[in-house]
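Subject: Structure handover and notes

Dear colleague,

I am passing on the structure we spoke about, together with my notes on it. Please read the notes with the coordinates open beside them.

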Amino acid sequence: MAQFVKDVMTPTIASVSPDASLVEAAQLMRSQGIGDVLIAEGGRLLGVLTDRDIALRAVADGVDPLTVSCHSVCTREPVTVGPEEEVRAAVRLMREHSVRRLPVVENGRPLGVISLGDLPREQDPGSTLADISRASPNAWPGSASA
């Protein structure tokens, strides 16, 4: 069983520049089958943008997603965790801050993301939640590829 964040995190980073439009971010999320992107510039993490942020902080307010920048809608200075931190520290941070994802950062540079979905796959691989976490987003009912 993994003990450290680096052992369970998703090392692939999907990021956009702060001035990218919400449409660009949403298209990247769709193509990657993910629910968040990191906002980064010059290799430095500036924020996290989730599909929920787009829906509640932009679309619900009637803003034009083609003209609004990701940086204006994202969560700035997000809670982060280091790759050498224990997994239980990441879980504690998620609970304390009511977040489902934490950027994994070292010296200000994003290395990956650890999410609630990463934890059951590692901690209890035979669980139903682990099975759901392993499912491809493109296999979900109603998805464009289903």
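This is a predicted model: local features need pLDDT of at least 70, side-chain atom pairs count only at pLDDT 80 or more; totals for chains, interfaces and linings use all residues.

Of its 146 residues, 37% count as buried. Among contacts between residues at least 6 apart in sequence, 55% join residues that are at least 24 apart.

The sheet

Four strands make up an open sheet in the order E1-E2-E3-E4, and the pairing within that sheet is mixed. Its edges are formed by strand E1 (15-16) and strand E4 (75-76), each of which pairs on one side only. Strands E2 and E3 pair in the antiparallel sense over six bridges, with Ala 40 standing opposite Leu 45 in E3. These two strands form a hairpin with two residues between them, and Gly 42, which lies in the turn, has a positive phi of about 60°. Strand E3 (residues 44-50) also pairs with E4, again in the antiparallel sense, and that pairing runs over two bridges. There Gly 47 stands opposite Arg 76 in E4, while Val 48 stands opposite Thr 75 in E4. E3 is mostly covered, as five of its seven residues are buried.

The nonpolar cores

The largest nonpolar core holds 15 residues, of which Val 16, Leu 22, Val 37, Ile 39, Leu 49, Cys 70 and Val 73 touch the most other members. Helix H2 (22-32), strand E2 (36-41) and helix H4 (70-73) are the elements that give two or more residues to this core, and the largest share, three residues, comes from H2. If neighbours within four places in sequence are left aside, Leu 22 is in contact with Leu 49, Ile 54, Ala 58, Pro 65, Val 68, Ser 69, Cys 70 and Val 73. There is also a second, separate core of twelve residues, which includes Val 87, Leu 102, Val 104 and Leu 119. As general background, nonpolar side chains in soluble globular proteins tend to be buried together.

Which residues of H2 are buried? They are Leu 22, Ala 25 and Met 29, and because they cover an arc of only 65° around the axis, they lie on the same side of H2. An α-helix has 3.6 residues a turn, so residues three or four places apart point the same way. On the other side of H2, Arg 30 and Ser 31 are exposed. The cover over the buried residues of H2 includes E1, E2, E3, helix H3 (51-57) and H4. After H2 comes Gly 33, which has a positive phi, near 65°.

Ser 21, in the loop between E1 and H2, deserves a separate look. Its relative accessibility is 9%, and Ser 21 therefore counts as buried, the cut-off being under 20%. Neighbours within four places in sequence again left aside, Ser 21 is in contact with Pro 65, Leu 66, Val 68 and Cys 70. Of these, Pro 65, Val 68 and Cys 70 are also among the contacts of Leu 22.

E5 and E6 form a hairpin with two residues between them, and Asn 107 in the turn has a positive phi of about 55°.

With best wishes

Technical notes: Residues are numbered from 1 along each chain as its sequence is written. Side-chain values use heavy atoms; hydrogens and water are left out. Two strands pair if DSSP finds at least two bridges between them. A nonpolar core is a set of buried Ala, Val, Leu, Ile, Met, Phe, Trp, Tyr and Cys residues joined through side-chain atoms within 4.5 Å. Buried means under 20% relative accessible area, exposed over 50%, partly exposed in between (1.4 Å probe, protein chains only). Contact means heavy atoms within 4.5 Å. The arc is that of the directions from the helix axis to the C-beta atoms.
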